[in-house]
Amino acid sequence: MINIIITLSDNEKWDLDIVTKELEKSGLTVTQVLKKIGIIHGKAEPGQMKKFAALRFVKSVEISKSMSIAPPNSPIQ
Amino acid sequence: MSTKSKEEKILPKRFIVTFREGSLKKGMASVNNFMGVKMSNMMSSADFDDNAINMAEVSRSGGVVFNHLGIGVFSADEDQARKLMAGMAENQHIMAIEPEGTRYALGADVSEEYLRGFRDASDALYEYSRKYGCEKQMSLLSESYKDTNALTWGLQATLAAKSKFSGKGIQLAVLDTGLDGKHPDFTGRNITGKNFIGGTTTQDGHGHGTHCVGTSCGSKNPAEGPRYGVAYDAEIFVGKVLSDEGSGQDTGILAGIEWAVASKCPIISMSLGSESETTTIAYESVGQRALDAGSLIVAAAGNNANRSSSYYGYVGCPANSKSVLSVGALDCRLGMGDFSSRDTILAAGTAVDIAAPGVDIYSSWPMRDKYNTISGTSMAAPHVAGIAALWAESTGARGASLWQILIANAKTLSHPFADVGRGLVQAP
């Protein structure tokens with residue numbers, strides 16, 4: 001399972017109950033719904049990403065990546 | 001005497017009056033009062049098809065009002081203009097009155113004397129560049145700042161130290177490693193915190209977050225040393241999206257943005273990024289949705305350049321999003337930070353939008369060190385975020401309007417646009 005970021009389509013008033021249910025039906029374990037910015041986080045197998053992308057209210061399906069900054073003793077941060 | 005100069009003598013001069021926002025009607029009454037211009041002589045853009053004013057049809061004794069622009073052009077003799085100028089100083093409805101200028105197409109009627117002067121100046125600059133090199137020339141022409149007992153160089157260069165605004169009433173979110181809750185410089189401040197990495201505290205065990213909060217929102221009167229914070233009265237929202245080891249996930253950062261937008265923070269400062277030449281649809285979309293909701297995301301361009309070795313890097317994610325304001329780093333002579341990323345990708349959104357102090361930046365650090373001087377575009381972004389709070393306070397602007405104000409008021413630098421965008425951020 002990988003952490004997945006679903007971006008909902010633009011210019012729509014998302015019915016988040018329906019959106020969440022349809023994503024779960026397609027195999028996503030929803031972990032977080034960010035309603036102000038139209039993002040849904042979840043976990044799934046990589047092979048399932050295409051299924052999510054095909055849903056009508058989905059703009060993109062991306063894998064969550066990590067970010068990092070330099071250690072505290074670095075002169076450049 | 002030519003026909004043109006005859007006309008100039010005969011025609012009354014015209015003046016352009018700029019009215020304050022929403023003051024067109026009252027401002028017009030003032031014009032009427034001071035200049036004796038009759039409203040019946042005035043024309044408005046609504047009198048013309050498609051609001052396209054034909055100046056030839058405008059009465060020479062009156063003038064015309066551009067309703068959508070909030071300006072008027074009035075014919076006035078010297079006495080009338082003098083009266084209006086005198087009355088303007090105390091008039092709250094009029095922003096400015098200026099004589100109408102004449103513009104000429106570039107290249108037309110250029111005198112030999114002008115061209116000779118232009119040639120001589122160009123030759124002198126060319127020789128100077130050959131002798132000293134362009135970089136040297138830029139550095140000689142630029143200003144120089146240093147930390148004093150009272151102020152860091154960054155607050156001086158950005159004019160934040162002279163601003164009468166403090167960020168009062170503005171919520172500023174810093175998504176980073178947290179804030180040291182024991183630091184004396186933040187005692188008594190209005191601080192709201194939230195952890196997005198699976199813990200419960202926003203305590204900073206790294207230092208990066210405390211430094212960034214310090215630059216953007218630090219005290220006007222710190223416990224010791226110079227003042228280093230810009231928006232000293234702003235409400236601080238601390239989102240811990242990076243661990244004490246300095247790492248975090250996109251999911252935690254996006255959750256932090258959601259929290260800041262829902263908390264109606266006009267500014268979200270993010271001194272973080274990944275080494276990715278392209279952005280994600282998620283960050284691009286979220287940046288735009290935040291702007292639409294009145295929240296401006298400010299992000300560090302990145303530290304992946306090594307300019308002294310002729311490597312200029314690229315702007316990292318999420319600063320390389322069209323909807324995120326990307327910040328490059330300057331040193332105290334307004335030269336580029338050696339590490340500051342350049343837009344070498346040259347795609348939509350990958351630009352550096354603005355620059356700010358980011359080399360040898362003194363700010364708060366977790367106790368017991370209390371203070372630390374470090375460098376990075378991470379230090380430049382909070383300067384811009386704090387100054388955005390000052391503009392948000394002074395103008396009421398939010399979202400894309402606030403972005404535009406920051407860009408429009410930046411100070412032009414001699415560096416390529418790909419390094420510093422529009423220039424050095426300036427406080428109101």
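The following questions and answers concern a predicted model and the local features computed from it.

This is a predicted model in which local features need pLDDT of at least 70 and side-chain atom pairs count only at pLDDT 80 or more, while totals for chains, interfaces and linings use all residues. Residues are numbered from 1 along each chain as its sequence is written, chains are lettered from A and ligands numbered from 1 in the order in which they are written, and side-chain values use heavy atoms, with hydrogens and water left out.

Q: In what order do the elements of chain A run from the N terminus on?
A: Helices (H or I, at least four residues) and strands (E, at least two) are taken as DSSP runs and numbered from the N terminus. On that basis chain A comes to two helices and five strands. Read from the N terminus on, the order is β-α-β-β-α-β-β.

Q: What percentage of the residues in chain A is buried?
A: A residue counts as buried under 20% relative accessible area, as exposed over 50% and as partly exposed in between, with a 1.4 Å probe and protein chains only. Chain A has 77 residues, and the buried share of them is 45%.

Q: Among contacts in chain A between residues at least 6 apart in sequence, what percentage joins residues at least 24 apart?
A: Contact here means heavy atoms within 4.5 Å. Among the contacts in chain A between residues at least 6 apart, those that join residues at least 24 apart make up 59%.

Q: Which residue forms a salt bridge with A:Arg56?
A: A salt bridge requires a side-chain nitrogen of Lys or Arg within 4 Å of a carboxyl oxygen of Asp or Glu, and in this pair the closest N and O atoms are 3.6 Å apart. The pair links distant parts of the chain, 34 residues apart, with A:Arg56 in the loop between α2 (49-53) and β4 (58-63) and its partner in helix α1 (residues 16-25) of chain A.

Q: How many residues apart are B:Glu143 and B:Lys411?
A: These two residues form a salt bridge whose closest N and O atoms are 2.5 Å apart. B:Glu143 is partly exposed at 33% relative accessibility, and B:Lys411 is partly exposed at 24%. B:Glu143 lies in the loop between α5 (134-141) and α6 of chain B, and B:Lys411 in the loop between α11 (399-408) and α12 (417-420), so that the pair links distant parts of the chain at a separation of 268 residues.

Q: Is B:Asp419 buried or exposed?
A: The side chain of B:Asp419 meets that of B:Arg342 in a salt bridge of 2.7 Å, N to O. B:Asp419 belongs to helix α12 of chain B, while B:Arg342 lies in the loop between β12 and β13 (354-357). Because its relative accessibility is 1%, B:Asp419 counts as buried.

Q: How are α8(B) and α9(B) oriented to each other, roughly parallel or roughly antiparallel?
A: Axes are lines fitted to C-alpha atoms, for helices over the stretch in contact, and angles run from 0 to 180 degrees between N-to-C directions. For α8(B) and helix α9 (residues 281-292) of chain B the angle is about 10°, with the axes 11 Å apart. Angles under 35 degrees count as roughly parallel, over 145 as roughly antiparallel, 65 to 115 as roughly perpendicular and the rest as oblique. The two helices are therefore roughly parallel.

Q: How many residues of α10(B) are buried?
A: Helix α10 (residues 377-395) of chain B reaches 27 Å from its first C-alpha to its last, close to the 27 Å expected at 1.5 Å a residue, where the expected span is 1.5 Å times one less than the number of residues. The helix is followed by B:Gly396, whose phi is positive, near 80°. α10(B) is mostly covered, and of its 19 residues the number buried is 16.

Q: What is the phi of B:Lys264?
A: Most residues other than glycine have a negative phi. B:Lys264 lies in the loop between α8 (250-262) and β10 (267-270) of chain B, and at 62% relative accessibility this residue counts as exposed. Although it is not a glycine, B:Lys264 has a positive phi of about 60°.
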